[in-house]
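Please examine the sequence and the model shown below.

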Amino acid sequence: MLLLLSSCSLDENMEGFATRENSYDTFAEAQAVVNNCYRYTSFMTTNFGLMTEACTDIWYCTTSTVDASLKISPTQPGAGSAVWNNCYTAIASCNEAIECITNRSSLSDSEKSQLQAEARALRAMYYYYLTNTFDGVPFYLYMVEDRETQDRIQKLPRTPANDIRRKLYQDLKENALPYFTKENGLRARPSEIKGNRAGYALSLMLMAKFAMWYGNWNEALEPLNELEELYGRLDEENYPLDETRWSLKNTDESIFEVQHAWSTTGVQYSSSYGRLTLPSYDGDGWFNGVYMPELGENLASWASLRANYHFAAFRAAQQAEGSAPRLSTDAQYTSSIFGELPLTLTGTYLPNDGRYAVELDEDRYGSCDRRTQYAVGLGKLSTEETFSSVRRGINAFAGPKLWCYGMVSSYDSNNYKIFRYADAVLMMAECYAMKGDLTRGVRYLNYTRVRAGLDPLSAAGLDVSGLLQEIRDERARELAGEFHRKYDLVRWGIWYDETYKYTNYASLKENMRPCHQYYPIPDTECALSGYVLTNDAYNE
Amino acid sequence: MLPSLVWGQTARTVTGKVLDETGQILAGAGVMLPDGKNGTVTDIGGAYSIQLPAGAEVLSFSFLGYETQNVSVKGKDKVDVVLIPEKNNTLNEVVVIGYGTARKQDLTGSVGVVKMSDIEDVPTLSVDKALQGRIAGVDIVSSGAPGESSSINIRGARSITASNEPLIVVDGVMDAVQDISEIDLVDIESISVMKDASSTAIYGSRGANGVILITTKKGKSPKPSVIFKNEFGVSTIARTLDLMNTEEFVRYRNDFRELDSSSSESLPTYDAADYPNDTDWIASITRPALYEHSYFSVSGKAGKSSYYGALSFTDEQGIVKGSGVKRYSGRLNLSHEFTKWLSVNMNLSLFYSDRDVNKAQFGGTNISNGAMYLAPVIGLLDRSNPIYENGSLINTPYASIKYEEYFCRTPGQNYSMSIVFKPVKGLEIKSQNSLGRMVSDTFHWWPSYMPKKSSGEGADAYRFNRQNRRLGSENTVSYKTKLPSGHSIDALGGFSVYSTEYLQQSIRAAGMLDDDAKWNNFASIGSKENYSISSASSRILRMSAFARMGYSYKNRYYLNFSVRADGSSNFARNNKWGFFPSAAAKWSIKSESFLRRARWLNTLDLRASYGRTGNDDIPAYRSLQAYGTTSTYVFDGVQAPAFSLSRLENPDLTWETTDMANVALETSMFNRRLNITAEAYWSSTKDLLLNVTTMRTTGYSSRLSNLGRTANNGYELAISSINIDKPKFGWSTTFTISHNSQMVLDVGHNDYVPTVKSPGNINYMMYGYKAGYPLNSLWGFEYGGTVKSIEEYMENLDSRQYGYRENYTSANCLGHSRYVDQNHDGVLDQKDLVCLGNGDPLVSGGLQNDFWFGNFKFSFFIAYSAGGKMYNYSELYMAGSAYSNQYRYMLDSWHPVRNPQSDIPRAGDTMNAMLPSSLQVHDASYVRLKDVSVKYTFPLYKTSKTFKSLSLSLSGTNLLLWSPYNGFDPDVTSEVDSGTLRRVDMNAYPSARKVVLSVQLTL
């Protein structure tokens, strides 16, 4: 009893857990707080792919997930809730890291400044996705110190998206860029940085993206020029097209990629977008009529991402109900962004398919856009086998660029290259075009065209809108499937019209409305804000 | 001590013994001459010796609480007498209360006493499962799985985030058990349930949810008493679900295919002939399960020492294959009186439970592999669920049972020793010190050949170890005195200290190369990346000082005050100490002169009490800011450690405070054959420990605060009567009925606090708190039937009477479910949620009936509950969903040709049903024939010197259930850890019906 009393203290025993007070003593500890800020990129998964790619002019997907057919509403926010929850949790973590590292840690000034700059770049990225997805959102850059801070944040209204973008542009310019230096080795491409940590390149990319959203082309070109200085010339020699495949990790062209790894018995940090970008699975190693066991085992059978006719059309043959099979007369080669696919009708009738077969045309690979091989799934190129749905004249799948090899179930271990240099190059083309500088616009556009094996365009005979159209189509070809398409279309103000015009998915066409260009803020969050936050566009 | 009177020459002496009905000796029993003036009492060995005057042929034997017997002693010198307990009189019963005992007639607070004789024949591993409905105001629900704890609410729930479970005190030691099921029912001498604040305030910050005091048996008679008890029985699933078979399911799928335009392209037309399977998933994983219980005890008194030793073994198989629990327990209670003023008691208990944890999923959120959800077309060991479209691999519940190993071993020890000094009459100084240790070891193994695993993936293994150590010290001084003037005083003061330490660690390995070593060789992992390891520890210290003062005058007026000051390390720096007072008064009206003539009335008592108690039952360190530690994002191919935001500091975090007032009227009449206790109470709880949902923009999803208020009030009525009381035949009845209504008055600045949310990517509150609504309100949308015509749909575009869960168009709206758009804003959202009912019953209780025919005893107990509502959670996934099997009523769903007027949503109404609505809310009322037993006792003491009695009994539990609820059982909960939530049927284990044969031999 006496023993008990002598040990009596009503203080909590503080062993065994980390706190704000004890987690910034060493560089490794402080970095562990920053590490956490990366984790919330996990919202980039299947449904995010449906949100950003499948509801656009280039792709569709007939999955029952609400995002694919835009059956979304404030009460059914679909993938929007994952974007919202993850991004804000990440932003709070970034704010915490920035504040604590800067003002509460005992690290050296150079250690502090580099870690906080990294957190700022990540914070800007999360706001980038929030504003792209929801338009204006509550915006704050301070640490959630205590409960009073929380209460204040809960009452924040939407800040207009462009105000957020302008503030973050300045924040990155003043508080992040200066701390990535040649001396600390961080003024480099991520492929050259240990751990491929985010920093200089990501900050520049985000600044340019922000400036393009608010339409200040000079401000956009400033960081883009710095990127050009860092990355140099985009051509096949420096940046081979083959390396744009997501299964190749942290290649030189990378600006930021979400890291994944999955093996049955090793590191398991993965997503499932890859399952969407594979062709439909028949089982036992067969994918839509082509044997490709290298793609994986025990795969889940999901509805695949499919190309709209507008993106890549090949309608080989048709058979009217009850009539004799006949060759197609309405093949829509001409209207598609990718032009004619390297396939040839054979005239061989396939009774099981009820279609005429097609063959891959080897010769035409040389002359056509090489990206068809990567972006559009036609079959197994090495054996010249086409997918049976291409034989049937139905839409192409997503191509090997986005395929994940050796998948098990739905674990996609690809890195998601969400920002890469080709994107920046095309952004430069667009900025110059918008400034009326057609020559430079075409020059930058041609970098990606030439790498893909196309002839360079000439500025002659192009006006601004003609060049813009070329850039828009080029972005579709170059960046297809990489989570950009919807954001681009929304930024250009043409998302609803283009998607409505070109989608092949009846259910999406039926449901989509102009307000869907931005996702609704989840209704439960609006309620918690006391309806300071509303989704007015959705109530009309 | 043998006073006697000599009546002349013819006087003679009669000697003998007085025993009780079980053959134990009765010391101090009165032996009287018929004149009633002269007599003696039995000595400590139960023996008496009395001199009879000439002509006296009858002696009267009496003992407190026993029927007085007049026995003829004509021509006998030696007469042994067995006294039978007085059936009616419970007044002199000694009731265990906090830090002491009291005669029942002196109680000023609300204490429910469990009649042990009512439950002694209930075959159950855990005594709590036998108690439901037996004490007014006590609600017990459990998950149904053997060995899993129950959730007990006394007078409802008042906390939202903190626990609502009562404090359990065993032989004076707090927290001596983690769960009541650690104690064998046969070891229990008495159970007292303290319900009002005046009884519980002595437990201060722990008392707000009521207190259950359990006292274990002690040795009583000089002659050793030996008991052997053996029970053997069988249990089966009590009720199954009305689900579709293959033929019906195929029809449903074809309807779905026909009606759903967007998916018809990809869906095949089903033909029943293609499906050889017709799997009844529930039947495939359940079984008749065996029950066995053996118990052996020796007890007695030797001189100044008493002893009680018992060993017991229980093996209760679960009705779900592969589940069950084996419990071994031992107990030794010793006491010795060294001198008149010094005695020592020691209680030692050991137990070991070996629980096979249930591996099967029934429902809940396990949509792809829950037994309720799996389609009948799927085979027992199939690797995928074709209905669940994405083709992910699954382990069917059948496969999980067949391949997995999963059990939990829990050894525990409790030692306590108390020293009692009685230096002068009435003064008692007691120091009780205890230590306890409990270890819980969990083993879980998934072999590499589980269907869900791919080749090369290897086996998974998991080990979890948790231990806690508890040191406790309770020290009291009490003084009792009764003055000749009629004033009595009973005072108590003391202090206590409890220190508890928790340690835990777990390791999980994925991808073990070796299938044979199971969890015994964690080094055989393929890659060290695939360990997940955790460890944690916490310490809680509680210090208290308390006092109680009781006063009474001539057994007519009673006053009682108690106070406790509690300090807990669990609370934040600004609020370490709390103060909990109470007061109670009682007036024995019958003792007043104006009622003296009312001979039919035996007692009439009015009592009232008021007190304050607290609740500090939240995990340790909640007031401190913390980061979580997690292994996370990949850098250079490996996952680097990271600190994540876990919670913010709250320096003011403190306990909840409950104020409770109680009034009661107690009466006993007609020679104590009718006893009625009526009580009413009002309680209000403030500073709720509330896990408040915060906006995700703040970086946290919730935070623990002291916010909000709730209020409870209720009525309880308990009536016990002896209807027939003949020497050879008797019938008694006990009836309880209680009503408890609990309201949320304030949930801080929240509009609402959800406790159960719907699944899917937007989570609506299904159960939750909103100011002005009952605590256990069910929330959801108001179902508006189906869309039956396009005109209706078009009209609604203007009237906005209904909303839909998805955007429909006039082309595809028919047969889809619709919900009332309460605010007619054209959008179905949070603002359209309405309260769909109260989860708490209007009234609940039980009815016990006992009959005696000579040595036969027949009893049955009916438990009932009326007026509560309940979600059938599984219907969220099943009613019209595209992914699961269906309840059979879906055959009557809307169909354009067959059933155009049906209000049941069409097949495949939505891919992701999951919108909680009145469609899934059911009446949870029930009447249950809970316990029945027939018992015959052979009075062996009449013929044998060795054996006292042999009894045989046949008993059954949960034999019949009447309920409109369409799930397994309306009285289960899957949320046993959340004391607030009652009756949430999410993946709950189905309840069993059990029949048991029991043999008890007493020596």
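How many salt bridges does the rule count over all chains? In this predicted model, the count comes to 65 salt bridges over all chains. Side chains of opposite charge can pair when their charged atoms come close. One such pair within chain A joins A:Arg120 to A:Asp171, with an N to O distance of 2.8 Å.

Helix α10 (residues 217-231) of chain A packs against helix α15 (residues 421-435) of chain A at an angle of about 140 degrees, and their axes are 10 Å apart. The crossing of α10(A) with α15(A) is left-handed. On the α10(A) side, the residues in contact include A:Trp217, A:Leu221, A:Leu224 and A:Tyr231; on the α15(A) side, they include A:Tyr421, A:Met427, A:Met428 and A:Cys431. Divided by class, the contact of α10(A) with α15(A) comprises 13 nonpolar, 2 polar and 2 charged residues.

The discussion now turns to the interface between the chains. Here, 93 residues of chain B are in contact with 91 residues of chain A. The area buried between chain B and chain A is about 7800 Å², and carbon and sulfur atoms give 55% of this area. On the chain B side, B:Tyr627, B:Tyr633 and B:Met695 lose the most area to chain A, together accounting for 10% of what that side buries.

Specific pairings also cross this interface. The rule finds 2 salt bridges between chain B and chain A. B:Asp636 forms a salt bridge with A:Lys194, in which the closest N and O atoms are 3.8 Å apart. Among the elements that give two or more residues to the side of chain B touching chain A are β23 (427-446), β30 (626-635) and β31 (638-647) of chain B. The largest share of that side, 8 residues, comes from β31(B). By class, the residues of chain B that touch chain A divide into 32 nonpolar, 44 polar and 17 charged.

Methods. Residues numbered from 1 in each chain as written. Chains lettered and ligands numbered in written order. Predicted model: local features only at pLDDT ≥ 70, side-chain atom pairs only at ≥ 80, totals over all residues. Heavy atoms only, no water. Axes fitted to C-alpha atoms, helices over the stretch in contact; angles between N-to-C directions. Helix = DSSP H or I, 4+ residues; strand = E, 2+ residues; numbered from the N terminus. Left-handed = near helix turned anticlockwise from the far one by under 90°. Contact = heavy atoms within 4.5 Å. Nonpolar A, V, L, I, M, F, W, Y, C, P; charged D, E, K, R; others polar. Buried area = accessible area lost by both parts, 1.4 Å probe. Salt bridge = Lys/Arg side-chain N within 4 Å of Asp/Glu carboxyl O.
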